[in-house]
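Please keep the sequence and the model in view while reading.

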Amino acid sequence: MMTRTTMGTAMKLRHKTPILGGALAAVAALALSGCISLAPKPPEVLFRLSPEDRAPVGSQRSGEIAQAIVVLDPEADRSLDALRMPVRIDAATMSYLKDAFWIEKPSRQFRSLLAETLRADTGQLVVEGVEFEVTGKTLVGGRLLDMGYDVPTSSVVVRFDAVRTERGGPIVTKRFEAVVPGVKPEAAAVGPAVNEAANKVAKDVAAWVKGGD
């Protein structure tokens with residue numbers, strides 16, 4: 001015969017069992033979360049452009065914004081408006097380099113590369129961004145046509161249609177191109193070659209802006 005005390009103990013156990021089961025389930029879930037990762041696999045290679053010409057550490061430029069060189073975001077088509085390295089297979093076919101991504105959109109990276117090269121090579125006040133477009137003396141922009149790997153020639157190509165506008169003066173355009181041949185279609189080879197070609201174009205554009213031709 002069940003006494004009142006025994007009945008009370010049984011009722012307490014009955015109420016505690018679901019709570020205990022929920023706690024054990026939570027502990028199991030936490031244990032599994034340490035073994036299973038739902039995050040996507042990170043890319044094997046991240047590309048970034050690094051300027052070969054840099055303004056010296058501690059250097060300072062000052063002056064009126066009306067005398068500054070303003071570097072604008074280059075226009076680009078969809079193949080260069082992504083975080084993938086474009087690969088041209090033929091005149092009508094494009095792909096992307098396997099397991100490799102840009103750390104930032106290539107058009108924005110090229111703008112920063114060009115701005116830093118202009119600071120180093122011209123010694124002038126250089127700013128970036130469309131917010132300075134109506135105040136700067138010299139505007140440098142354009143369209144980034146190519147920055148990637150070309151399968152038919154086994155080369156890396158960077159091609160840029162630069163546009164330079166002087167306040168109160170005419171608009172001047174010029175096409176720049178740099179090619180690095182003999183590059184394997186592998187991320188480890190393509191990355192340094194793209195950086196080399198982009199720096200070559202940036203230096204040529206800086207010389208053009210500095211010379212005023």
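Predicted model: local features only at pLDDT ≥ 70, side-chain atom pairs only at ≥ 80, totals over all residues.

In which loop is Ser154 found? Ser154 is found in the loop between strand 7 (138-150) and strand 8 (155-166).

**Overall make-up**

The protein contains three helices and nine strands. Along the sequence these elements follow the pattern α-β-β-β-β-β-α-β-β-β-β-α. The protein has 213 residues, of which 33% count as buried. Among contacts between residues at least 6 apart in sequence, 68% join residues at least 24 apart.

**Backbone features**

With a relative accessible area of 32%, Ser154 is partly exposed. Asp99 also has a positive phi, near 55°, and is likewise a residue other than glycine. Asp99 lies in strand 5 (residues 93-102). Its relative accessible area is 33%, and Asp99 is therefore partly exposed.

Helix 3 covers residues 187-211 and has 25 residues. From its first C-alpha to its last, helix 3 reaches 36 Å, close to the 36 Å expected at 1.5 Å a residue. Gly212 follows helix 3 and has a positive phi, near 70°.

**Salt bridges**

A search of the whole structure finds 15 salt bridges.

| Pair | N to O distance |
|---|---|
| Glu128 and Arg111 | 2.9 Å |
| Arg175 and Asp161 | 2.6 Å |
| Asp204 and Lys200 | 2.7 Å |

The salt bridge of Glu128 with Arg111 has its closest N and O atoms 2.9 Å apart. This pair links distant parts of the chain, with Glu128 in strand 6 (residues 126-128) and Arg111 in helix 2 (residues 106-122), 17 residues apart. Arg111 has a relative accessible area of 12%, which is under 20%, so Arg111 counts as buried.

In the salt bridge between Arg175 and Asp161, the closest N and O atoms are 2.6 Å apart. Arg175 lies in strand 9 (residues 171-180) and Asp161 in strand 8, so the pair ties together parts that are 14 residues apart in sequence. Arg175 is exposed, with a relative accessible area of 53%, whereas Asp161, at 22% relative accessibility, counts as partly exposed.

The side chains of Asp204 and Lys200 meet in a salt bridge at 2.7 Å, N to O. Asp204 and Lys200 are four residues apart in helix 3, so about one helical turn separates them. Asp204 is partly exposed, with a relative accessible area of 26%, and Lys200 is partly exposed at 42%. Elsewhere, salt bridges that share partners join Asp73, Arg108, Arg111, Glu116, Arg119 and Glu128 into one network.

**Pockets**

The largest pocket has a volume of about 260 Å³. Its lining consists of 16 residues, of which Arg88, Met94, Leu145, Asp146 and Arg159 lie nearest the centre of the pocket. Which elements each supply at least two residues of this lining? They include strand 4 (84-90), strand 7 and strand 8. Strand 7 provides the largest share of the lining, six residues. By class, the lining of the largest pocket has nine nonpolar, two polar and five charged residues.

The second largest pocket holds about 160 Å³ of space. Among the residues that line the second largest pocket are Arg48, Leu49, Ser50, Pro51 and Arg54. Ile103, Glu104, Gln109, Ser112, Leu113 and Glu116 also line this pocket. The lining of the second largest pocket divides into four nonpolar, three polar and four charged residues.

Definitions and conventions: Residues numbered from 1 in each chain as written. Heavy atoms only, no water. Expected span 1.5 Å × (residues − 1). Buried < 20%, exposed > 50% of the residue type's maximum accessible area, 1.4 Å probe, protein only. Salt bridge = Lys/Arg side-chain N within 4 Å of Asp/Glu carboxyl O. 1 Å grid on protein atoms, 1.4 Å probe; cavity = no way out; pocket = protein on both sides within 12 Å on 5 of 7 lines; lining within 4 Å. Points joined across faces, edges and corners; volume = space filled by probe spheres on them. Nonpolar A, V, L, I, M, F, W, Y, C, P; charged D, E, K, R; others polar. Contact = heavy atoms within 4.5 Å.
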